[in-house]
Amino acid sequence: MGLMTTHSNIKVISLVPRFLAGVLCCFLFIFSIPLAWAADQVSDYGVVSRLDDQTSLENPDVRSNPASRGNLGNDVLYYIVVDRFFDANADNNVPDYAFPVGEDVDRKVRAYNDMNRLLLRHGYDPTHRYIGMYWGGDLEGVIQKLDYLKDLGVTKIVLSPIQDNANGVLYSPSAYGYLHLEKDDGQEADPLYSHASSSFHGYWTKDWFEIDEHFRSPQDETGDRYRVFRQLLDEAGERGIGIIMDLTLNHTSPFHYSSLHPVFYPDQIGFWFADNGAIYRHGELVATYWDPANETLDPKGWFHPLRPINFDRPSQEMVENGTLPGGLPDLNQEVPEVANYLLDAVKFWLNFNEEGHQIAGFRLDAVKHVNVKFWQTLENEVLAIRPSAVLIGEYFSAGYRDLGSMELYQKTKGYTLFNFDLSMNARRFFARVRNWDGRIAVLRDLILGKQGHYYSQNPLQRFVHQLFDPAETLEVPPNILDVVADADAKGWVNFVENHDEPRLLTEHPQMSEQAYASLMKFIFVSPGVPMLMYGVESGLAVPYHLEHAGLFGIGGDPFNRQMMIWPGDRPWNDRLYDLTRQLTHLRQNYPVLRYGDSHFLYPRGSKPDKDMFFIREPLSCDAEAEGCTRVLYAYSTGGGEFLVSLDGLAGTRSIHQVENVETGFKAGVFDGLIPVRLEPEESKVFVLE
Amino acid sequence: MQKLLHPLGDNLNLKDPVIRDVFRYLVGTLISLILFFSLSYWFYKVPLEGIVDAKAFSFGVSKLYQIIVPLGVFALFQELPQRQKLIRRVVRLVQRFQPSASPEKYEYLIGLTLGFISWKIGCDLGFMLISQGIPNWKWERAFTWGGLIPYTVLQYVFYYLIGQKIIILGQLNPFKEGGDSDSDKTAGGSSWKQFLANRFPRYTDLYYFPGKTSVKYTGRPSPWEMRSAKFLHESMNATSYSVPLRQVVLKPFVDYGGIIISWSFYNVGLLFVQSGEFNISPLIYFNFLEIFAFYVVNVYGYILGYNVGEFLYLRILDLGEFFESWDQEPQKPKVLETCNTFPLFLTSFLRSTAYHGLLTAVKSWEGVLMSIDQFSTLLGYGRSPNEVTKNEVTKVISSPHSLRVLTWAKAIRQPLVISLSVGDVSQIFRYYAGRFLLYPFSKSALYQLLMGVGRRWELFQSARLWAFYPFLERYGISMRWFVSCLCGLVAIVMLEPNFAGAIFSTSASIQHSLYNRYGQFDSVLAQQIVHKSTVSAAPPSQMLLDNFPAKWGALYFED
């Protein structure tokens with residue numbers, strides 16, 4: 001009896017907290033209704049429309065591999081700065097042949113050609129010490145290295161702009177351009193070249209319909225000037241590699257705003273150019289920008305007025321209509337002639353090489369600097385011609401937490417984007433710069449999206465959170481997640497390095513190879529489409545030096561664009577290369593990495609802010625189904641032994657084997673437990689079957 | 001029944017000649033300013049942010065908020081209805097746990113907390129404006145209460161207890177408020193007054209903390225000590241000759257240290273609120289240099305401007321006395337020379353080649369830097385550049401009487417010089433004064449105007465402002481305060497580019513020296529460069545510079 005009384009007492013006592021919890025839940029529920037409603041109504045974008053991911057996932061095929069905006073599939077992209085990749089044809093290093101100066105040439109044309117020849121001679125640097133000048137890489141070089149890229153596992157190449165660029169030299173005293181081999185070996189450097197920039201990068205376009213002479217072949221001048229590019233498209237296509245063209249539709253080239261010729265002053269910016277921002281179509285002048293002879297600026301009204309962008313406090317109007325640093329004339333796409341010219345160019349390249357393999361699509365540069373209406377027109381036109389065309393918009397700093405990029409993303413329907421938010425945070429985390437954004441808490445919510453911690457909070461929790469942190473600057477704003485479909489977010493492009501940001505090993509000279517490799521693995525295992533900047537597979541980087549400082553810090557543009565090195569070259573890093581190769585193939589062998597869901601795990605002994613364990617699993621992986629492969633990523637800052645438990649994950653009881661991707665070592669899985677041993681900063685990737 | 005005098009009723013009517021003339025002057029000035037900015041924008045596409053450096057403007061706004069917000073919050077707290085009642089209730093609540101709690105102490109603590117919070121918000125409002133270059137930084141972050149709590153606690157411990165009490169005042173026991181002796185108590189009064197003395201020293205009779213351990217004056221400080229205090233120290237946005245040297249020397253260190261510690265822990269608090277992790281990385285990855293520049297500009301720029309403002313204010317008073325002396329002189333209206341024709345300078349200037357040169361120069365501010373040599377070239381516009389001698393140009397722009405208008409070329413930060421002599425300016429002014437304001441520019445008329453304005457101002461003060469005087473006096477708000485603060489803010493905006501530029505360039509030089517001496521250079525990565533370089537070199541750039549002019553001429557100027 002006494003025992004029974006005790007039991008009943010215990011029962012009653014145990015009911016009390018349950019009752020209280022129930023009351024609390026009711027309370028929360030009652031309050032959550034108006035709060036949830038309010039949260040939906042109050043949004044930076046006004047009334048928010050929720051996209052129903054489930055609708056598109058009803059079809060089983062779509063569930064396994066749902067299409068995403070931008071038309072990237074299970075791809076591995078590889079970005080090449082053509083001039084820095086491989087010099088297969090020395091004859092086009094100083095391509096005089098494109099500018100004949102014979103007696104039969106019209107005097108005016110001859111003067112123009114003569115000027116260009118001078119600029120070409122002084123724009124090429126065979127020593128490869130002045131990083132702002134041309135170094136000789138060409139499209140034939142890319143063709144020669146297609147087998148290398150195929151073997152590496154690349155599926156699509158993103159070429160830096162190859163359209164015809166203005167020749168010239170921009171001198172800026174505050175911009176360095178000399179590569180040091182020792183700390184203080186800059187004494188003999190040429191005073192102009194060591195601060196000079198040329199159009200080697202391809203972003204100073206003058207003729208959107210032509211290939212730049214540096215990337216053509218002298219033999220083709222009187223025949224098919226596009227031959228080399230056709231050959232590249234066809235040979236890449238035969239290897240199953242697509243070519244994505246980079247287009248700069250925002251601006252033209254630098255100009256010298258005076259009728260008097262430029263004079264060199266060491267402490268002042270100087271421009272030595274022949275075209276002064278002019279636009280051509282197949283070599284024919286269609287619009288001038290600055291005409292020194294008549295002292296007229298933009299006579300046809302194709303450009304926005306000169307007005308530098310104040311990046312400290314930019315307005316939308318300023319960002320779209322302002323002038324980028326360097327005084328690059330900003331095209332006015334609201335002028336019908338300008339829009340038509342640019343759209344014609346887009347269509348020209350889209351329809352190019354109809355007989356053979358065509359381009360896969362476009363990487364569109366500086367999208368934030370052009371009005372959204374133009375991008376809407378462009379995507380309509382492109383997708384009408386080819387619905388499968390790849391469209392990647394380069395919106396600097398884009399991602400869930402960049403509201404400007406999300407606004408543009410919401411207003412368009414065909415572009416994917418570079419996920420700066422995830423990529424840059426990952427870089428910071430693995431480089432151990434974990435003070436603000438470079439933390440697991442941020443990475444986790446960026447990866448999980450709607451399954452993220454903050455989004456999953458109930459309205460009351462979120463209300464309390466907002467009370468303390470109203471700006472939500474560290475969070476992924478829930479209203480953004482409401483308008484971005486998960487499947488689309490998985491089509492965003494992630495990168496370890498890109499053509500603007502510093503090379504990791506330059507920016508963080510203390511970063512260990514282990515940490516670098518862990519970042520590579522993270523980018524390949526995370527949701528999204530990985531993009532390799534050329535050389536990242538071998539740890540390409542210039543040494544840390546205070547004068548190796550570019551636009552985005554030490555090691556940034558242009559110091560992240562040094563000449564590519566190849567297997568067999570002395571500093572080539574085989575370990576990193578092999579790892580990259582394994583990861584690209586892993587990516588293609590396991591589409592779950594591209595399309596699957598993510599779950600974070602917290603093994604006993606791991607530190608949530610220092611160690612990261614997450615698993616990728618298919619969307620359509622039914623419970624207990626056989627052959628439902630998952631991939632596990634494990635990283636530890638301090639190292640240690642961890643027992644990863646798969647408890648709580650649906651269908652994991654069928655997992656009986658785990659394979660280390662790098663070593664190929666296989667082991668059995670018992671009771672859903674996977675033992676993982678990690679060195680400090682080491683990560684491991686496992687395939688669970 | 002006698003009608004009451006109402007300054008804004010009977011006396012403010014547009015028929016009043018004085019009011020009318022003041023109105024004219026004000027409208028004329030306003031129109032001139034609008035015209036200036038509009039013409040700048042329309043003709044030269046120079047936006048406002050191009051004329052005033054945006055970052056400098058942010059520094060100024062920051063300081064403005066630092067002045068307004070704490071003062072506003074403090075005043076609000078003081079004027080709060082039922083304030084004492086509220087405090088007593090809080091204290092009664094506290095007394096349940098701590099019977100010895102005194103209302104004064106808690107009033108003091110609440111005031112202190114409000115002071116720190118409002119100070120932080122004031123700083124943030126402006127500081128976040130200058131931090132927009134950092135991705136995803138939003139000024140709203142300032143209002144993250146989760147971050148404000150550690151900030152306030154840290155400010156209290158490090159800035160107030162350790163910095164102010166122990167380091168600056170030398171009080172070994174920082175919790176000890178006031179002195180022990182009766183005389184000290186008499187001098188110091190209540191702890192609340194001591195707090196006032198600390199936070200708002202210029203608004204109270206007591207300037208220094210009393211107490212045995214505090215610094216006390218034993219006589220008049222030496223002139224250099226007084227000047228040091230006046231030009232190297234500010235407290236609560238005001239300067240004074242009478243500040244102990246110890247405080248002058250130590251305060252910048254305490255301030256900067258306090259900022260570093262409290263700001264970085266503010267971030268630590270934010271991270272904790274977001275993810276529950278205790279992450280002290282913000283202490284390591286702190287923008288030390290940027291904050292240092294911010295501090296130096298906002299403190300020393302403000303001090304300079306504030307003192308200049310005070311000086312100006314006193315000179316304005318002198319000027320009033322000077323004008324009063326005119327009243328003693330025989331009234332002989334002497335019409336000053338007005339200029340009814342279009343100023344000769346402007347006529348000749350607009351027709352001159354120099355104008356066209358300048359036009360080109362101004363237009364080119366975004367892309368081209370300008371040196372004296374280039375300016376010379378531009379002055380020679382239409383002539384051969386060689387015809388303009390360097391002496392000619394130097395004479396114009398180096399003339400001690402010339403007014404130099406430094407340009408707005410923010411992006412290039414290179415001064416473009418437009419020279420106008422004082423005579424030119426005077427001519428232009430007289431022209432526009434005569435043309436638009438139509439006012440007889442005579443000594444007596446000016447006197448009458450000023451006297452009229454003065455009388456009406458006095459009337460307005462006594463009839464309208466009297467009700468606010470006690471309030472304004474309580475918080476030290478006066479015309480002198482207004483002029484000084486305004487000049488302080490203007491000085492920050494004007495000096496920021498140079499101050500901050502000097503700090504950053506000095507820092508860069510130090511970094512280079514340190515790197516050259518101690519820095520590591522990765523020879524393995526250097527091998528990647530060596531491997532791809534060749535022996536042959538590009539032709540020297542001098543060849544480009546030598547040959548380009550001829551080709552430029554051939555391309556654009558040969559028919």
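Predicted model: local features only at pLDDT ≥ 70, side-chain atom pairs only at ≥ 80, totals over all residues.
Me: Hi! Which residues of α10(A) are buried?
Reply: In α10(A), the buried ones are A:Phe374, A:Trp375, A:Leu378, A:Glu379 and A:Val382. They cover an arc of only 130° around the axis, so they sit on the same side of α10(A).

Me: And what is exposed on the other side?
Reply: A:Lys373 and A:Ala384 are exposed there.

Me: What do the buried residues of α10(A) pack against?
Reply: They pack against α9, β13, β14 and α11 of chain A.

Me: What happens at the start of α10(A)?
Reply: A side-chain oxygen of A:Asn371 comes to within 3.2 Å of the backbone nitrogen of A:Lys373.

Me: Switching to rings: how many aromatic pairs are there over all chains?
Reply: The structure has 58 of them. In one, A:Phe229 and A:Trp349 have ring centres 5.9 Å apart and planes at 80°, so the pair is edge-to-face.

Me: Nice. Where in the chain are those two?
Reply: A:Phe229 is in helix α7 and A:Trp349 in helix α9 of chain A, 120 residues apart, so the pair links distant parts of the chain.

Me: Are they buried or exposed?
Reply: A:Phe229 is buried, at 1% relative accessible area, and A:Trp349 is buried too, at 0%. Ring pairs also link both into a cluster whose members include A:Trp208, A:Tyr341 and A:Phe352.

Me: Last one: which rings does A:Arg84 lie over?
Reply: A:Arg84 lies over the face of A:Trp135, 4.1 Å from the ring centre. Its charged end also sits over the ring of A:Phe200, at 3.7 Å from the centre.

Technical notes:
Residues numbered from 1 in each chain as written. Chains lettered and ligands numbered in written order. Heavy atoms only, no water. Buried < 20%, exposed > 50% of the residue type's maximum accessible area, 1.4 Å probe, protein only. Helix = DSSP H or I, 4+ residues; strand = E, 2+ residues; numbered from the N terminus. Arc of directions from axis to C-beta. Contact = heavy atoms within 4.5 Å. Polar contact = N/O pair within 3.5 Å; in protein donor to acceptor, adjacent residues only side chain to side chain. Phe/Tyr/Trp six-rings, centres within 6.5 Å; stacked < 30°, edge-to-face > 60°. Lys NZ or Arg CZ within 6 Å of the ring centre and 35° of its normal.
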